Amino acid sequence: VLLEHEITEMEQEDDLVSLWVKDNKSRKIKSFTSRYLIGSDGGSSIVRKQLGISQEDLNYNRDWVVIDVELNEPDKLGDKLIQVCDKERLATFVPSHLPFRRWEFIIHEHEDKESFLDDKTIHELIDKWLQPEEYKIIRKAVYQFHSVIAKNFQKGNCFLIGDAAHQAPPFMGEGMMSGYRDAVNLSWKI
């Protein structure tokens with residue numbers, strides 16, 4: 001495991017993959033050779049870019065606000081992850097381990113996404129479940145959920161998995177779980 005390092009160059013020859021990796025602190029370059037390279041380096045994958053693999057945009061690029069809270073009261077919400085199909089505002093409720101809970105709410109295209117970081121707006125969103133005195137907001141962020149897929153997941157002995165290969169809105173934990181399935185599927189094949 002090399003923290004604070006990044007791939008700067010890669011090359012494939014027959015059954016070998018050569019990598020050049022820069023230490024972001026010392027700026028020194030190290031080289032490595034392996035039989036396989038698995039790019040599991042996220043949605044902005046350097047491996048995918050180095051391989052020249054393009055992505056197809058499946059035309060879902062929507063802003064959502066993600067809110068994490070810590071409960072001040074005993075839990076009355078339960079432990080079921082819920083996808084809320086409300087025609088006014090889609091939402092997801094995620095029961096993290098106590099005392100933490102998460103909500104994700106879609107932001108409509110005509111709405112100002114920055115206004116969703118205001119505590120008053122957050123309280124209005126969550127008021128179907130809890131009153132403001134029942135929780136403390138510990139994190140709030142606006143994310144753009146995407147739906148894209150790489151044109152191919154393999155080039156020679158290099159493979160893409162997880163968000164490097166495909167991105168879908170992370171509803172019901174599916175983003176992480178599809179990456180996990182990719183890793184299990186590829187590992188037994190290699």
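Asp75 and Arg101 form a salt bridge in which the closest N and O atoms are 3.1 Å apart. This pair links distant parts of the chain, with Asp75 in the loop between S5 and S6 and Arg101 in strand S8, 26 residues apart. The two partners fall into separate accessibility classes: Asp75 has a relative accessible area of 31% and is partly exposed, whereas Arg101, with a relative accessible area of 3%, is buried. The model described here is a predicted one, and the structure holds 12 salt bridges.

Strand S8 belongs to an open sheet of 6 strands, ordered S6-S7-S8-S5-S9-S12 and paired in the antiparallel sense. The edges of the sheet are formed by strand S6 (82-84) and strand S12 (166-167); each has a single partner strand, so one side of each is left without a neighbour in the sheet. Strand S5 (residues 55-71) and strand S9 (residues 135-150) are joined by 14 bridges in an antiparallel pairing. Within this pairing, Ile67 has Lys140 of S9 as its bridge partner. Helix H2 (residues 119-126) packs on the sheet and touches S5, strand S8 (100-106) and S9. The direction of helix H2 makes about 80° with that of S9.

Lys140 also takes part in a salt bridge, with Asp119 as the partner and 2.6 Å between the closest N and O atoms. Because Lys140 lies in strand S9 and Asp119 in helix H2, the pair ties together parts that are 21 residues apart in sequence. Both residues are partly exposed: the relative accessibility of Lys140 is 33%, and the relative accessible area of Asp119 is 35%.

A further salt bridge connects the side chains of Asp68 and Arg139, at 3.0 Å from N to O. Here too, distant parts of the chain are linked, since Asp68 is in strand S5 and Arg139 in strand S9, 71 residues apart. Asp68 has a relative accessible area of 12% and is therefore buried, buried meaning under 20%. Arg139, at 30% relative accessibility, counts as partly exposed. The Asp68 and Arg139 pair is part of a network of salt bridges that also includes Arg102.

Note on methods. Residues numbered from 1 in each chain as written. Predicted model: local features only at pLDDT ≥ 70, side-chain atom pairs only at ≥ 80, totals over all residues. Heavy atoms only, no water. Pairing = 2+ DSSP bridges. Helix = DSSP H or I, 4+ residues; strand = E, 2+ residues; numbered from the N terminus. Contact = heavy atoms within 4.5 Å. Axes fitted to C-alpha atoms, helices over the stretch in contact; angles between N-to-C directions. Salt bridge = Lys/Arg side-chain N within 4 Å of Asp/Glu carboxyl O. Buried < 20%, exposed > 50% of the residue type's maximum accessible area, 1.4 Å probe, protein only.
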